[in-house]
Amino acid sequence: MPRTRQPDVRIRSLAITYASGYAIPPHRHDWAQLIYASRGVMSVHTSTGAWVVPPHRAVWVPAEVVHAIEMSGEVAMRTLYLAPGLARDVPEICSVVNVSPLLRELILHAVELGPLDLGQPEHARLIGVILDQLAALPAVPLRVPVPSDPRAVRAADWLHAHPAESASLERIARSVGASKRTLERLFRHETGMSFGAWRQQLRLLQALPLLATGEPVTSVALSDGYESTSAFIARFRQVLGTTPGQYYTRRESRTAV
């Protein structure tokens with residue numbers, strides 16, 4: 001009798017909706033992940049940084065990277081898991097990426113099909129197109145690097161807890177037991193950003209979950225430490241290329257499955 005062929009599954013998928021505020025504790029997978037949110041905002045945390053993933057974006061998580069995820073607003077999550085060695089032309093670190101309309105449809109179709117078996121011609125073709133799309137994913141600057149020096153960590157924690165405070169670098173440095181020059185040097189060395197740029201990036205990323213839940217732009221701007229709504233909108237446009245209103249009104253014609 002002919003042998004039954006064993007499935008050669010190279011991509012698995014998961015479709016699940018999480019309530020606002022739900023948190024997935026730190027964990028890791030031996031397969032890489034493309035975690036896509038068609039609705040809601042996800043915050044992904046690792047030992048090296050935090051990423052905010054707005055609607056219609058995705059986060060790439062390499063295999064074996066320990067990560068935790070928090071939900072802001074109801075999150076419709078659609079995840080692809082890729083077998084080790086399958087995706088070669090992809091980032092080796094976590095990154096937030098834009099999801100094109102084509103990739104979005106590919107993700108949803110893969111979720112509908114279930115595990116993709118390389119031995120099935122239809123599945124093999126779909127796997128090939130998904131890999132082509134992953135190789136061309138444009139990254140989005142939605143990361144806050146995490147410093148490691150205890151003084152810089154204390155400063156970062158304080159900024160996380162007090163986004164609206166306008167305390168000077170000198171005052172914050174003094175409170176964590178460092179000089180102004182030392183704290184600036186630590187941030188540049190350990191995060192690749194100046195203290196001021198890191199603070200601005202943090203404020204912007206803290207604003208995204210609030211905007212996703214429907215908070216008015218003005219109240220988000222003021223609670224996040226901006227002097228005016230126009231200053232916040234200008235910063236938002238500088239980093240993300242559009243206004244907060246336009247960013248969150250983008251919708252695809254097809255509803256996620």
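Helices (H or I, at least four residues) and strands (E, at least two) are DSSP runs, numbered from the N terminus.

Before I go on, some ground rules. This is a predicted model, where local features need pLDDT of at least 70, side-chain atom pairs count only at pLDDT 80 or more, and totals for chains, interfaces and linings use all residues. Residues are numbered from 1 along each chain as its sequence is written, and side-chain values use heavy atoms, with hydrogens and water left out.

How far can we trust the model? pLDDT is the predictor's confidence in each residue, from 0 to 100. Its mean for the protein is 87, and 94% of the residues reach 70 or more. Over residues 251-257, pLDDT stays under 50. Where pLDDT is low, the predicted coordinates should not be read in detail.

Now the overall picture. The protein has 9 helices and 10 strands. Its C-alpha atoms fill a box of roughly 80 × 35 × 30 Å, taken along the principal axes. Of the 257 residues, 47% count as buried; buried means under 20% relative accessible area, exposed over 50%, and partly exposed in between, with a 1.4 Å probe and protein chains only. Contact means heavy atoms within 4.5 Å. Among contacts with a separation of 6 or more, 73% are between residues 24 or more positions apart.

Back to Pro 138. At 43% relative accessibility, Pro 138 counts as partly exposed. Leaving aside neighbours within four places in sequence, Pro 138 touches Val 96, Val 97 and Asn 98. Pro 138 and Val 99 are 39 residues apart in sequence, and 8.3 Å apart in space, C-alpha to C-alpha.

Next, the inside. A nonpolar core is a set of buried Ala, Val, Leu, Ile, Met, Phe, Trp, Tyr and Cys residues joined through side-chain atoms within 4.5 Å. The largest one has 51 residues, and those with the most contacts inside it are Met 42, Met 77, Leu 183 and Phe 232. Helix 6 (residues 195-212) gives the most to this core, with 8 residues. Apart from it lies another core, of 21 residues, among them Leu 86, Val 97, Ile 127 and Ile 130. As for Met 77, its contacts beyond four places in sequence include Leu 14, Tyr 18, Ile 35 and Met 42.

Last, the charged pairs. How many salt bridges does a search of the whole structure find? The count is 6, a salt bridge being a side-chain nitrogen of Lys or Arg within 4 Å of a carboxyl oxygen of Asp or Glu.

One joins Arg 28 to Glu 64, at 3.8 Å, N to O. This pair links distant parts of the chain, 36 residues apart: Arg 28 is in the loop between strand 2 (23-27) and strand 3 (32-45), and Glu 64 in the loop between strand 5 (57-61) and strand 6 (67-82). Arg 28 is exposed, at 54%, while Glu 64 is partly exposed, at 43%.

Another joins Arg 188 to Glu 184, at 3.1 Å, N to O. Both lie in helix 5 (residues 180-191), 4 residues apart, about one turn of the helix. Arg 188 is exposed, at 51% relative accessibility.

A further one joins Asp 149 to Arg 151, at 3.0 Å, N to O. Is Asp 149 buried or exposed? Asp 149 is buried, with a relative accessible area of 15%, and Arg 151 is partly exposed, at 26%.
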